[in-house]
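Me: Could you take me through the aromatic rings of this protein? I would like a close look at that one part, with the terms spelled out as you go.

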Amino acid sequence: MKRWRVVTWGLLALSCLTLTGGGCATGEAGAWGRVALYEGFDPKTLNPGGAADYTILVPLSELFYDRVTARRFDSLATFEDPALREFFRSDEAFADYYAAFAEALTRANFESNRPTAVELDSMVRTGPTRVRVTVRFQGENALPLRWWSTRTQREDVWDFQDGRWWILPGKV
């Protein structure tokens with residue numbers, strides 16, 4: 001009888017955690033992109049006659065950045081995650097992005113190099129097939145006696161080539 005109660009309470013706690021914490025990556029920002037600034041294009045249009053399909057960029061970027069905040073970033077499991085690598089043209093491009101982002105999280109003193117929330121700040125068209133995406137990451141502060149959170153901002157360039165969007169890493 002006691003074992004049944006423990007299992008029931010465990011399942012109840014798990015379901016409550018799932019219902020209340022399922023959207024932690026977009027907790028502060030609300031719906032992804034709702035408060036973002038868009039310059040040079042309308043993300044809801046098919047861009048007829050244009051070189052890039054902007055309708056998929058907002059949900060695709062949400063998918064990528066939610067995946068980044070789903071775990072500790074400077075771990076072997078994250079580095080070898082095939083779902084993250086799909087956004088880059090080559091392994092070298094992913095390695096460059098990974099190194100730069102891990103260093104930015106370390107410099108901003110993210111606890112365990114793990115962002116807990118991400119907010120889309122802006123998307124700016126910089127060329128016929130390029131968009132600069134600015135996002136803000138927030139997480140727990142790793143410095144002693146700092147109870148407040150820490151944050152960092154990142155600008156990524158997304159490029160539409162061969163019928164899909166790719167992230168172009170910056171220089172390390």
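Reply:

**The aromatic rings**

One aromatic cluster is formed by Trp32, Phe64, Tyr65, Phe79, Phe87, Phe88, Phe94, Tyr97, Tyr98, Phe101, Phe137 and Trp158. Rings of Phe, Tyr and Trp (for Trp, the six-membered ring) count as a pair if their centres lie within 6.5 Å; planes under 30 degrees apart are called stacked, over 60 edge-to-face, and the rest tilted.

A word on the source: this is a predicted model, in which local features need pLDDT of at least 70 and side-chain atom pairs count only at pLDDT 80 or more, while totals for chains, interfaces and linings use all residues. Residues are numbered from 1 along each chain as its sequence is written, and side-chain values use heavy atoms, with hydrogens and water left out.

The protein chain has 5 helices and 5 strands, in the order α-β-α-α-α-α-β-β-β-β from the N terminus. Helices (H or I, at least four residues) and strands (E, at least two) are DSSP runs, numbered from the N terminus.

Now to the pairs, of which the structure holds 20. Phe41 and Tyr54 are stacked, because their ring centres are 4.6 Å apart and their planes meet at 25°. This pair links distant parts of the chain: Phe41 and Tyr54 are 13 residues apart, and each is in the loop between β1 (37–39) and α2 (57–68). Phe41 is buried, with a relative accessible area of 12%, and Tyr54 is buried too, at 1%. Here buried means under 20% relative accessible area, exposed over 50%, and partly exposed in between (1.4 Å probe, protein chains only).

Back in the cluster, which includes Phe64 and Phe88, those two rings have centres 6.0 Å apart and planes at 70°, so they make an edge-to-face pair. Phe64 is in helix α2 and Phe88 in the loop between α4 (82–85) and α5 (91–107), so to speak two distant parts of the chain, 24 residues apart, joined by the pair. Phe64 is buried, with a relative accessible area of 1%, and Phe88 is buried at 3%.

Arg85 lies over the face of Phe79, 4.7 Å from the ring centre, and Phe79 is one of the cluster members. Elsewhere, the charged end of Arg164 sits over the ring of Trp166, at 4.0 Å from its centre. A charge sits over a ring if NZ of Lys or CZ of Arg is within 6 Å of the ring centre and within 35 degrees of the ring normal.
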